[in-house]
Structure formats: structure tokens, C-alpha cells
Amino acid sequence: MSLDAQTRVLDWPFDRTESGEPAPVLAELRKAPPCAVRIPEGAAESRLAWLVTRYADVRQALADPRLSADERLPGAPVRIQLPPGSNPSSFLRLDDPEHARLRGLIQNEFTMRRVRGLKEPVQRLIDDLLDRFEDLEKPADLHAAFSQTLPTLVIARLLGVPDEDSPFFIEKTRLVISQGDPAVSYAAFVEMSSYLAELALGKLKQPGDDLLSRLAVHQAKGDITLDELVGIARLVLVAGHETTTNQIALNILGLLRDDTLLAKVAADDGALIPQYVEESMRYWSISQDAMVRLALEDFDLGGVAVAKGDAVVISVPAGNHDESVFACPRTIDPDRDTSGHLQWGYGPHYCQGAPLARLEMELSLRTLLRRFPSLRLAADPSTVFRRGTVFHGVTRLPVTW
């Protein structure tokens, strides 16, 4: 049966639970083939799409070349409230070979060797931020003082963005990924793009040891256009601080709302921290609504006949909570093998920044637990989550110690 002929069409996206977990309806939907959902009207008209929820189907959809990420194609589905145009918002919304060409320009920035060299600078920044946090009046907002600030400064310095401009792009990113007024999102997108273009052009006159300077050289040589440069920088900026910011906060929240889990992860000098971080990413699955694709040909996906031109929504939270792969998925279990979780993506669009994000998350949690062993929440956990945005996270994290 075609997508347009589906009799059961659900309004998408689904709200998370009060405790911040993926919507319970996803468990019901995993029992059947992909179903029809309606992508809401915003920067583009409302339309129907297949929703993919089972782990195996999510993996297939993320890697299948018959599903295009290219937002410039006629009929490409839109989730982030930016109007389709001739220039993609980033190379994440492109297919190979264009995607591989642009992705290759920054692949050396996030290698394990390069990231290991950042360990000491990141640790110094963590120590400095926690020194300042310790002097705050209790209770204090750990998110504003630490989990939001750390990744922002790390990625800004890697890019070559002045520290003092960090509040600007924090605010613009928040507006870009909000799901309210498309005009507001687009205005913030344009402001951020203009800022990065001006900064990159300045790097040609006064280059530094940073990613923007290296990209500016590529642009001057004709390897990439200015629009492509800005798209790369914007992606690194948004993905590099927005996702890590919220994941660090959720890692902390997951421990502070469960004393038994906290004691287990804090034991033995935090030996379980790396495993806990991976399990926490699986559990929270913050990339909740942004994965949309366009079918380039007819094919079968999870038992439904996807037709050329159909839209497909890929639910990473649903795949990460698939009971057939992760037993008791609504429980954070740092002893489980979560090596196959989908939070980093899968296939050609796998997250390049994963090594850097892991470093920040592990160092921050290890240092925080060592320095603040009596840390505890100072608010009802259900009141800290943010709503109506493509990335799950928190608005605040009040704590005392």
C-alpha cells in the first residue's frame, strides 16, 4: 500500500516522557513495519513520511544510498526550520561524492591522534571552569556554568572563534534548531553564516593555527567556495557544541537522579565512566528528530514498499531503545555492551567529532565526580528538560554540594 493510501497517520514528532525518555509509542511502533507520520508544516509544507523505528531498519536507512540526504532535491523533506535552497545547510545534507569531498577537508581535525593532543588543554579548561563554579552561591546552575560552556569554548578555539563571541553563537544555534517560528530560525541562520564568512575572510589576512584558517586557505586556492566553507564551519560549530553540551548535562543528570548508579560509576576512580558515557548516549538519544531522507528509487524497507519520492523519517531514539538489541532499554546499565548504539549515526554520515566529544564527556565527568563527591540535584529532574527542539537536552541543571 502506498504512503498516501495509509489509513493510520500519526502526527510527528512525538513528545518525550516527563522523565525525558523517548516517547512510549515508539515501543508499540517497533512491533510492526514502518508506519506513516505527518511532518508538520514549517519552512516547507506538511507532508507524509515513513517512520523507521526498529534497530535493523534504522541502520539500513542511515547507510542505504537509495535514501538521499540532499536537501536540495525537489521534494526533499525538511525538519530543521530552514527553507530549502540551492546551498545545503551543511555537508550532512549532501550525498557522496560531494559529501565525501567536503567531509574529507576536516577529517584530520578529529583523528584519535589529534584529539589525544587536546587532552591537556581540555583538562585545563575543565579545571578552570570548575574552579569558578565552586565559588558560586549554592544552589548553582551547573549547565550554565559548566556543561554548556565547556564544549562551546573547546569548539570555538578549535575553529578559531574568539572566546568572547561564544554567547553569540550559543544563542543563534538555539534559535536555528528551535521548532517555533521558521522566520526566526532562518534569521539566526543568516546571522551566524554572515559572522563565519567575515571571520574566515579575516583569517586570510591574519591566519592562525585553527580550522577556519585552514579552510580559508582551501577557499583561496579554489578547492571550495565561500558558501561551502561557511557550511563546514557552521556544522562544526553547531554540532560540536550543541550535542556535546546537552549530552554532558544529561550524563550528569542520569547519575544525580539515581544514587545507586552514581555510586557504581564513581567507584574505582571512575573505571566505568567510558562505558557509562556510551550507555548514557544510547539511553538519552538526543538526536531525536533531525534524520530525514528522500527515496531515490523504489525499494523495500522493513517490510513496506517505499516508492521513489517518498520521505523517510529515521528515529535514532527508537532504534536505540529496541528491546531485541538492548534488553530493558529504559534502564541505564553501564555494564551492557552498547558498542552498536546509533547516537553517532551509522554509515557515511557517521559523526566525525565522536573522538573529541568522548574526550570532553569522559574528562568532565571524571573531574566532576572527583572534585564534588557530594554533588546532588537541587530541582525536580522533570523540570529541567527543554521541549520543542530537534536535539534533546536541558535548559538548566540546578545542583548543590
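Predicted model: local features only at pLDDT ≥ 70, side-chain atom pairs only at ≥ 80, totals over all residues.
Helices (H or I, at least four residues) and strands (E, at least two) are DSSP runs, numbered from the N terminus. Residues are numbered from 1 along each chain as its sequence is written, and side-chain values use heavy atoms, with hydrogens and water left out.

- Most residues other than glycine have a negative phi, and most peptide bonds are trans.
- W12 and P13 are joined by a cis peptide bond, with omega about 5 degrees.
- Another cis peptide bond links K138 to P139, with omega about -10 degrees, and P139 sits in the loop between helix 5 and strand 5 (140-141).
- D269, a residue of helix 12, has a positive phi near 60 degrees. D269 counts as exposed at 71% relative accessibility (exposed means over 50% relative accessible area, buried under 20%, and partly exposed in between, with a 1.4 Å probe and protein chains only).
- C328 also has a positive phi, near 45 degrees. C328 is in the loop between helix 14 (316-320) and helix 15 and is exposed, at 58% relative accessibility.

**Helix 12 and its two sides**

- Helix 12 spans residues 259-270, and its buried residues are L261, L262, V265 and G270. These lie on the same side of helix 12 because they cover an arc of only 100 degrees around the axis (the arc is that of the directions from the helix axis to the C-beta atoms).
- On the face turned away from that buried side you will find the exposed residues D259, T260 and D268.
- The cover over the buried residues of helix 12 includes helix 11 (226-256), helix 13 (273-284) and helix 15 (354-371).

- K203 belongs to helix 9 (residues 182-205) and is buried, with a relative accessible area of 12%.
- Leaving aside neighbours within four places in sequence, K203 is in contact (heavy atoms within 4.5 Å) with G160, D210, L212, S213 and A216. The K203 side chain reaches the backbone oxygen of G160 at 2.9 Å.
- L102 is part of helix 3 (residues 98-104) and is buried at 4% relative accessible area. With neighbours within four places in sequence set aside, L102 touches F91, L94, I224, E228 and I232.

**Spaces in the protein**

- On a 1 Å grid over the protein atoms alone, a cavity is a set of points where a 1.4 Å probe fits but cannot get out, and a pocket is an open set with protein on both sides within 12 Å along at least five of seven lines; lining residues have an atom within 4 Å of a point.
- The largest cavity is lined by residues including W12, P13, F14 and R16. Its lining divides into 8 nonpolar, 2 polar and 2 charged residues (Ala, Val, Leu, Ile, Met, Phe, Trp, Tyr, Cys and Pro count as nonpolar, Asp, Glu, Lys and Arg as charged, and the others, Gly among them, as polar).
- The second largest pocket has 13 lining residues, with L118, P121, V154, R157 and L158 nearest its centre.
- Helix 5 provides the largest share of the lining of the second largest pocket, 4 residues. By class, that lining has 6 nonpolar, no polar and 7 charged residues.

Definitions and conventions
Polar contact = N/O pair within 3.5 Å; in protein donor to acceptor, adjacent residues only side chain to side chain.
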